[in-house]
Structure formats: C-alpha cells, structure tokens
Amino acid sequence: MSITVLLADPRADSRRDLEIMLSRDREVSVVGGAHDRRDTIDLTRQLRPNIVILDGALWSGDSQSIIGEIAEASPDSATIVILDNADLELMRRLIRAGARDCLMRPVSSEDLLSAVRHVSQMTAKQRDVGTQATDTNRSRGEVIAIYSPQGGAGKSMLSANLAVALAKASGEGGKPPRVALVDLNLQFGDIDLMLNLSPQNTIAGLAQKGHGGIDAELLEQYLTQHPESGLKVLVAPSTPQYAESITVYTVEQVVETLRENYDIIIVDTPSQLQDTTLAVLDAAKTVLLLTSLDLLALHKTRTALEMLRQLYPPEKIQPVLNRANSDVGISLADVENVLGVKMKSRIPSDGRIVVRSINEGKPFVIYDAGTPIAKEINRLALEILGLEAPASEEPTKNGGGSFLKKMFAK
Ligand SMILES: Nc1ncnc2c1ncn2[C@@H]1O[C@H](COP(=O)(O)OP(=O)(O)OP(=O)(O)O)[C@@H](O)[C@H]1O
Ligand SMILES: [Mg+2]
C-alpha cells in the first residue's frame, strides 16, 4: 500500500528536490504540491494524504495553528515539519501542536524517507486501533484478484461468471452479498462485452473526475449495473490510449472506496505485472491464480507463484485450474506436483458453452446453470461465501510424467 504525501513549500525548486528524494521509494507517492497556507489546507482536505510535509518557510509567525488546521481538514493526515535551523523551542511547540516529526535542513533522502515511513506506520497502527474500537460492526469488503501470467488463461471468463454467481447467491440471512467487479485490463478490457453492458462511464472518466480524490458517492456514478444479477461493474477504458491516465493512486482509491460499500470486490487483471496490477494484488485478501494443463502456462505459473510467495503469505495465493478436463498429456496430479499446491477449484473445459456465452454476453452461471462448468463456478462462489465446504480432494497420485520432472527439475 503506498504512502501518499503532500508537499507544502512555497519554493518550487525545494518541492522538486523533496519529490526527487521521495521517489527513491516506490511505496511513496507525491500526490500534490502546495505553495501557500490556503493551498495547503485546500489540498489536504481534497487529497487526504497520509502525510503533509510542511516547510517552515510556508508560515509566518503562528506555526502551531496551521498544524491544527491540517488536522481539522483531514484528521488522518500526519504532519512532518522541515525547518531551516535547529530551534529547539520552536520544535517543542510544533510537536505539542500535533506535528509528528521535525527535520532540519539540509535533509538527506535517507532521513526524509525514514521519517515518512516511520510516521506512516505509527499513524496506520493508531488508526487500526481506533477503527477496532469505534467501528466494531462496520465490516469492510474483501478483494479477490483474478490473476494469471498467461494471456487467454480464462481470467475474464472466471471474473465475470464468479462475480455474477456471487451477486446471485444467498449470503447471510438469505440476503445476497453486495458485489462489485473491476475490469483492470486498462488497455483491452472486455468485461462489458462479456456481460452485454452498455456503460455510460468507465474507470478513465473516474480517474479524470476523481483527480483530487475519490469518494463512494462519486464512484457509484461510474459503476454500471448488470441487470440480471445486480452486480456493479467498473468498466475498463473504451480505448487503450486512456490506460496511462489511470495511476496506482486511482486504483488504490477505487479499491479502498469500494470496500466501504461492497462485501466482495472481484478484480479482473491483465497478465502483465504492471504497477496498477501489483496495487490490486497488494490490496487483495485472496489471489486466484489461474493455470491450465499446458507446459508453458505451468512454467509461467510456477515462476509467478514463486514471486508471489515472496511478497505475500502462502494462504493468500489460491491456484485454480482452468480447462481441467482437457486430455493433453498433463494431469491434475502433474500440475499439483509441479506447483506444490492443491487446486482451489478445477474448472472444466466447455468450448461450446463458454464461447456462446461470451458471444451473446450472457454469463453461463445464469443461462446454462446446469452445466458442469457453471456448477463448479457456482460452487466456488458458495465456498467463498463460507456456505459450502471446499471441493472434495481426490488423492493426488504420484504424478508428474518423467518429461515434466525433467522440465521442472531445479
Ligand atoms: N473453461 C473453458 N472452456 C472453454 N473455453 C474457455 C474456457 N476458459 C476460457 N475459455 C476461452 O478462452 C478464451 C480466453 O478467455 P478469457 O478472455 O477469459 O482469458 P483471459 O485470461 O481473460 O485473457 P486475456 O489475457 O486476453 O485477458 C475465451 O475465448 C474463452 O472462450
Ligand atoms: Mg481478460
């Protein structure tokens, strides 16, 4: 999760220097620059940054009140002050007024980044404690990312059908869960076609409109409803040239904001591991990692799995085998042996049903609910909702044909 920073400093060259220093940490992103007191308060209110870096040159005289105004504008933003001279008396007053740290010029990038990381960690911890204490019955939605390093693995097919299945399922007390689906294929998204939607708005419009911050009310206007299931969809841009306008910050805000009003957020991702994809994998509670019974897919899946295991706890990554019943000389046992994990789900291959469903924009979990592929995705939806036990596991025989063993031997 990135740390957002607002730079409040009247001198453009000084803001630029600070930005260069902060850019050494990928997790830190500068979301704005303010050149005077009023600008600082306005931008703090709009952007709600994690941290405001406030230069002593920005105020004259009443240093403490600006720190109070920042806290009022955005109670979760923490202030770090940079001073030209070591004035201990002033520093004490600033800390009493609510500043979280004070740095002296000249500031090294190590000191600056260390202060930013430390303050961000401390405020996040305090926020967690506060949230637990005051917000006990307001749960936040859970994010499920559908990912595969292999193009054409079936990510969009699974995302669309799983999201619809979840939206139609009866959750706790018979009430269906509130489900949102985000198409993060920013260049060539196709979820709108798969669900036969005619979107008025896309994530590109939201990124433009929500430049200064996205809230639930704004986001709701950019979602398209899937009439048959009630699912809400944030559609990908209509043309690839808009992809660049969607930043990591937009994606993080979209996901965080959706968590306020939806129980489950499914995100269809592209196979390239770009920074926006990583932002979603970071935010996800579960990553469904799709693979198939083919050597190249298996090879890429193993590499991706190794990388993801370095980043996240093992239970977060749940492999799913697509086209599981294909007779192609590689078995389920081979796949599980090579990857060293059990499959969370095995989705059968059914070209006739899947292709017709995509061509007509009618998700097969509704329109061909009796088919084995629809039954498996509906079962997976119920398992995610805690309403059905995991699929029974056939014992994995000592599979792994000899050519596979050779291919994947370390
Ligand atoms: N279980 C299946 N049985 C039959 N066909 C399938 C199955 N899963 C996917 N397909 C077909 O494979 C093609 C690719 O599926 P899909 O678009 O969902 O993959 P993707 O991973 O989203 O691709 P991309 O990387 O391009 O986004 C589609 O034409 C779909 O019809
Ligand atoms: Mg796709």
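This is a predicted model: local features need pLDDT of at least 70, side-chain atom pairs count only at pLDDT 80 or more; totals for chains, interfaces and linings use all residues.
Biologist: What percentage of the protein is buried?

Modeller: The protein has 17 helices and 13 strands (DSSP runs numbered from the N terminus: H or I of at least four residues, E of at least two). Of its 410 residues, the buried share is 41%.

Biologist: Within what arc do the buried residues of H13 fall?

Modeller: Helix H13 covers residues 332-339, and its buried residues are Asp 334, Val 335 and Val 338. Seen down the axis, these line one face of H13, because their directions fall within an arc of 95°.

Biologist: Which residue just after H13 takes a positive phi?

Modeller: The phi there is about 70°. The residue is Gly 340.

Biologist: How are H10 and H11 oriented to each other?

Modeller: The axes (lines fitted to C-alpha atoms over the stretch in contact, with angles from 0 to 180 degrees between N-to-C directions) of H10, residues 248-261, and H11, residues 275-283, come within 9 Å. They cross at roughly 30°. With angles under 35 degrees counting as such, H10 and H11 are therefore roughly parallel.

Biologist: Which residues of H11 does H10 meet?

Modeller: Contact requires C-beta atoms, placed from the backbone, within 7 Å. From H10, Val 248, Val 251, Glu 252 and Val 255 meet, in H11, Asp 275, Thr 276, Ala 279, Val 280 and Ala 283.

Conventions: Residues are numbered from 1 along each chain as its sequence is written. Chains are lettered from A and ligands numbered from 1 in the order in which they are written. Angles under 35 degrees count as roughly parallel, over 145 as roughly antiparallel, 65 to 115 as roughly perpendicular and the rest as oblique. Two residues are in contact if their C-beta atoms, placed from the backbone, lie within 7 Å. A residue is buried if 20 or more other C-beta atoms lie within 10 Å of its own, exposed if 12 or fewer, and partly exposed in between; C-beta atoms are placed from the backbone. The arc is that of the directions from the helix axis to the C-beta atoms.
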